Amino acid sequence: MGKKSEVFHLSRNEAKFVTRIRNGNIYSICIDKRVDILEKGEIPEIMAANKKEESESTIHKSEGDYYLDVNVVGNWEVIVQEKQ
């Protein structure tokens, strides 16, 4: 099921990207910059076919406003925490 998050702001700092997929199927998670749809074309941060997965990684994005575009069938949680 596809969901989009509220818009959030990232500075130039590193951010921690945590995902918890419980009993899910094929999914992708993109952190899309809030731009005109014609400029869109973000590559997924995560793309997998695992039914259960927990992962944590560091992401590097330019400063700006972003949102999550999540496509998961099942129970899931995504957390983006910017390092201070």
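A salt bridge here is a side-chain nitrogen of Lys or Arg within 4 Å of a carboxyl oxygen of Asp or Glu. This is a predicted model, where local features need pLDDT of at least 70, side-chain atom pairs count only at pLDDT 80 or more, and totals for chains, interfaces and linings use all residues. Residues are numbered from 1 along each chain as its sequence is written, and side-chain values use heavy atoms, with hydrogens and water left out.

Q: What makes Glu77 and Arg20 a salt bridge?
A: Their closest N and O atoms are 3.0 Å apart, and the cut-off is within 4 Å, so the pair qualifies. Arg20, Glu54 and Glu77 are also linked in a network of salt bridges.

Q: Why is Arg20 called partly exposed?
A: Buried means under 20% relative accessible area and exposed over 50%, with partly exposed in between (1.4 Å probe, protein chains only). Arg20 has 25%, so partly exposed it is.

Q: How do you know that Thr19 is buried?
A: Its relative accessibility is 0%, so Thr19 counts as buried.

Q: What makes Thr19 and Ser55 a polar contact?
A: The side chains are joined at 2.8 Å. The rule asks for a pair of N or O atoms within 3.5 Å; within protein, one must be able to donate a hydrogen and the other to accept it, and residues adjacent in sequence count only if both atoms are side-chain atoms.

Q: Why do Lys4 and Asp69 get on the salt-bridge list?
A: Lys4 and Asp69 have their closest N and O atoms 3.4 Å apart, so they pass the same test. Lys4 is exposed at 56%, whereas Asp69 is buried at 11%.
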